[in-house]
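Hi everyone, thanks for coming. Let me put a structure up on the screen and walk you through it.

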Amino acid sequence: MGRGKIEIKRIENATNRQVTYSKRRAGIMKKARELTVLCDAEVSLIMFSSTGKFSEYISPSSSPNPTKRMFDRYQQATGINLWNSHYESMQNNLNKLQGINNRLRREIRQRMGEDLEDLTLVELRGLEQNLESSLKVARERKYHVLTTQTDTYKKKIRSHTETHHNLLREFEGCDEDLHYALANQEGDYEAALELTNGGPNIFAFRLQPSQPNLHDGGGYGSHDLRLA
């Protein structure tokens with residue numbers, strides 16, 4: 001028995017519709033490749049699925065841009081300019097951007113006091129209000145920057161002041177330790193004072209033998225050396 005005839009209509013089930021599309025797409029791609037090889041034909045195939053997925057097939061060519069070459073041949077064969085509407089859209093967008101640019105340049109010149117001859121009294125009043133508003137924004141921004149810098153400098157000053165106080169406390173503690181040590185070593189202090197005042201310079205040295213047996217043998221003994 002042969003296969004039953006399939007009614008050509010939209011498949012309502014989304015899953016079945018996607019499966020059928022994938023199978024038919026593979027089949028038509030295969031036919032396009034076969035036409036290119038068997039018949040030496042140039043084939044261009046473009047497809048978009050219901051989800052917007054793009055698929056295409058272009059016959060292999062030595063041209064660096066086979067897609068553009070195929071579109072150019074289509075335009076020549078049909079007399080339809082495919083790029084005309086796109087060019088017009090780009091031209092309209094360019095004209096719009098040029099108009100915005102010219103308007104902004106004119107506003108800048110007017111804010112600098114130029115091109116004011118053609119302005120009416122209402123327009124001049126509006127320009128004055130815009131300048132006052134811009135000046136207010138600039139002053140607020142300047143005040144914010146100055147306040148931020150001032151707070152930062154105050155924090156740095158507090159940090160440096162605290163570090164200075166800590167160093168002073170450490171220095172005072174070291175000074176107290178020095179006075180305490182001199183008070184407990186009065187003799188050393190007096191000797192140092194006498195040396196400073198020009199007293200006799202006396203240094204005591206004690207020789208210790210490096211070998212104990214020499215000391216026992218009487219070869220060397222401990223000697224006191226004084227230098228006056």
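I'll start with the overall picture and then go into the details.

First, a word on the model: it is predicted, with local features needing pLDDT of at least 70 and side-chain atom pairs counting only at pLDDT 80 or more, while totals for chains, interfaces and linings use all residues. Residues are numbered from 1 along each chain as its sequence is written, and side-chain values use heavy atoms, with hydrogens and water left out.

The protein chain has 6 helices and 4 strands. These are DSSP runs, numbered from the N terminus: helices are H or I with at least four residues, strands are E with at least two. Reading from the N terminus, the order is α-β-β-α-α-α-α-β-α-β.

How much of the chain is buried? Of its 228 residues, 7% are buried; that means under 20% relative accessible area, with exposed over 50% and partly exposed in between, using a 1.4 Å probe and protein chains only.

Now to the largest nonpolar core, with 6 residues: M29, A32, V43, L45, M47 and Y57. Such a core is a set of buried Ala, Val, Leu, Ile, Met, Phe, Trp, Tyr and Cys residues joined through side-chain atoms within 4.5 Å. Two elements, α1 (14-39) and β1 (44-48), each give two or more residues to this core. Take A32: leaving aside neighbours within four places in sequence, A32 is in contact with V43, L45 and Y57, where contact means heavy atoms within 4.5 Å.

Let's follow β1 onward. It pairs with β2 (residues 54-58) in the antiparallel sense, over 5 bridges; strands pair if DSSP finds at least two bridges between them. Across that pairing, M47 stands opposite S55 in β2. Together β1 and β2 form a hairpin with 5 residues between them, and G52 in the turn has a positive phi of about 90 degrees.

Next, the aromatic rings. There is 1 aromatic pair in the structure. Its partners are F48 and F54, with ring centres 5.1 Å apart and planes at 45 degrees, so the pair is tilted. For reference, rings of Phe, Tyr and Trp (its six-membered ring) pair if their centres lie within 6.5 Å; planes under 30 degrees apart are stacked, over 60 edge-to-face, and the rest tilted. F48 counts as exposed because its relative accessibility is 57%, whereas F54, at 42%, counts as partly exposed.
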